[in-house]
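The structure comes first, and the notes follow by topic.

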Amino acid sequence: MTTNSKSGFNSSFGAIMAAAGSAVGLGNIWRFPYICGKYGGGAFLLVYVFFVFFIGMVLMMSEFVIGRRTRMTPATAYSALRPQRPQWRWVGILGLLTSFLILAIYLVISGWTLNYFWESVTGTLASVSNTGFEAHFNHFASSPVRPIVFIALFLACTALVVIAGVDKGIERVSKLLMPFLVVLLVLLCIRSVTLEGASAGIAYLFQPDFTKLTGEGILAALGQALFSLSVGMGVMIVYGSYLPVDDNILKSSMWITVCDFFIAVLSGVAIFPAVFACGQTPTEGPGLVYQVLPVVFNSLGGIGHIVSIVFFLLLTLAALTSAISLLEALTAWLNERGMKRVVSALLISLSVVVLAALASLSFGDGKLCDLHLFDFLDKLTGAYLPPICAFLTILFFGWFMKKEDILDELSNHGTLKVGYFKVFYYFLARFVAPLALLTVLVAGIVG
Ligand code: TRP
């Protein structure tokens, strides 16, 4: 079953950078900090760590195993591993459809981000008064043309990389961008924590407040862990199918997970101390990045202009490597069905840009079309579909795949030792992860 005629990543390092590029995105820099603050800081962090390392990382390992074992996309991998139950392929297809929806909404927010990067560079953002950012954002986000132009620009960059190919496009860009991103983030952290009054922001992020950690918060932690690691939808099955034969899957999964986790925490450290030091209060959702942070940048004086450029550049690049993975998974799907890579990438891009444009037009108070598409997609992709897909994936891995196949893949056909770590993760995949996912799902539906 393991054929190697397909293109793939050239090295484990490249593969880790590409998968970390997929994982690190708007979810880390934009979503994690405010969710963490909202649901009790350190208390939320404890639950989040558990979900990330004991469920998210298990899923990543599982998807890599399924992908490398079959060298197929989710649409065919499940049924190839379980030919007597071909209906399993619907799990893969549901994941890919979910990825399509995620990509649409992701493009809308990435478009905003690219626009804000552009406005930072040209100085437009700096010329808005501190009380004017809310109106500025609402005016922009609900206008008919400009957001869509930026969505299209961003998507064009994404598609170019995907068309360039797995190793020559995705791997190369990720190896370049990921280290650069970490440098930018560390610089922002240093500026933020050295501001006077920064400690209130650190406290907001880390001080545990167990009263704020509600059932809803626990659900949010799980959703965030899955989204942030890009797992559950089969995107990592596609990246798994590109892994080098000698890659140590569990070890790579661990590095990617550690990297994703620390970048999320560092983003909080970059954002909240500065927000509190400038006398602002953190808000959630788009408000934080597009309305509160510009005020913070303006209050920093001369350097604020540069900080603003760096921040929005960071966010744009992080979003880019994530969007690439979503587009790649969908492109690989059509590619597998016999369509050329270029044609598949263009076809998916054209269809997703339509959905993204509609979502953009239905955003905000001044919305131009009354579809409620933005809110609908946000709910669907943020709360419901990912845990369902994730549960079915882990159920398949733990209970329907052959144990020997899994251990063979994790040990690289017996060349690596099957130690406690691998056995422990297999145990998590069989018992802990499915039970935890099911519990949270049921609680979510009942609640
Ligand atoms: N993980 C990315 C983020 O944190 C988003 C993302 C990229 C994603 N690819 C995915 C989410 C696949 C789910 C599935 O922003």
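By class, the lining of the second largest cavity divides into 11 nonpolar, one polar and one charged residues (Ala, Val, Leu, Ile, Met, Phe, Trp, Tyr, Cys and Pro count as nonpolar, Asp, Glu, Lys and Arg as charged, and the others, Gly among them, as polar). This is a predicted model, in which local features need pLDDT of at least 70 and side-chain atom pairs count only at pLDDT 80 or more, while totals for chains, interfaces and linings use all residues. Residues are numbered from 1 along each chain as its sequence is written, and side-chain values use heavy atoms, with hydrogens and water left out.

**Cavities**
- The structure holds three cavities of 30 Å³ or more (on a 1 Å grid over the protein atoms alone, a cavity is a set of points where a 1.4 Å probe fits but cannot get out; a pocket is an open set with protein on both sides within 12 Å along at least five of seven lines; lining residues have an atom within 4 Å of a point).
- The largest cavity has a volume of about 160 Å³ (the space filled by probe spheres set on grid points, which are joined across faces, edges and corners).
- Its lining has 17 residues, with Ser22, Ile102, Phe227, Ser230 and Leu326 nearest the centre; nine are nonpolar, eight polar and none charged.
- The second largest cavity holds about 110 Å³ of space, and among its 13 lining residues Leu188, Ala270, Ala274, Phe297 and Val307 are closest to its centre.

**Ligand site**
- The ligand takes up the space of the largest cavity (more than half of its atoms lie within 2 Å of the grid points).
- Around the ligand are 16 residues, the closest being Ala23, Gly27, Tyr106, Phe227 and Ser230 (a heavy atom within 4 Å).
- Polar contacts are pairs of N or O atoms within 3.5 Å; within protein, one must be able to donate a hydrogen and the other to accept it, and residues adjacent in sequence count only if both atoms are side-chain atoms.
- A ligand oxygen is 3.3 Å from an N or O atom in the side chain of asparagine 28.
- A ligand nitrogen is 3.1 Å from a polar backbone atom of serine 228, and a polar side-chain atom of serine 325 lies 3.2 Å from a ligand nitrogen.

**Largest pocket**
- The largest pocket has a volume of about 1,100 Å³.
- Of its 36 lining residues, Arg31, Asp378, Lys379, Gly382 and Ala383 lie nearest its centre.
- The lining comprises 23 nonpolar, six polar and seven charged residues.
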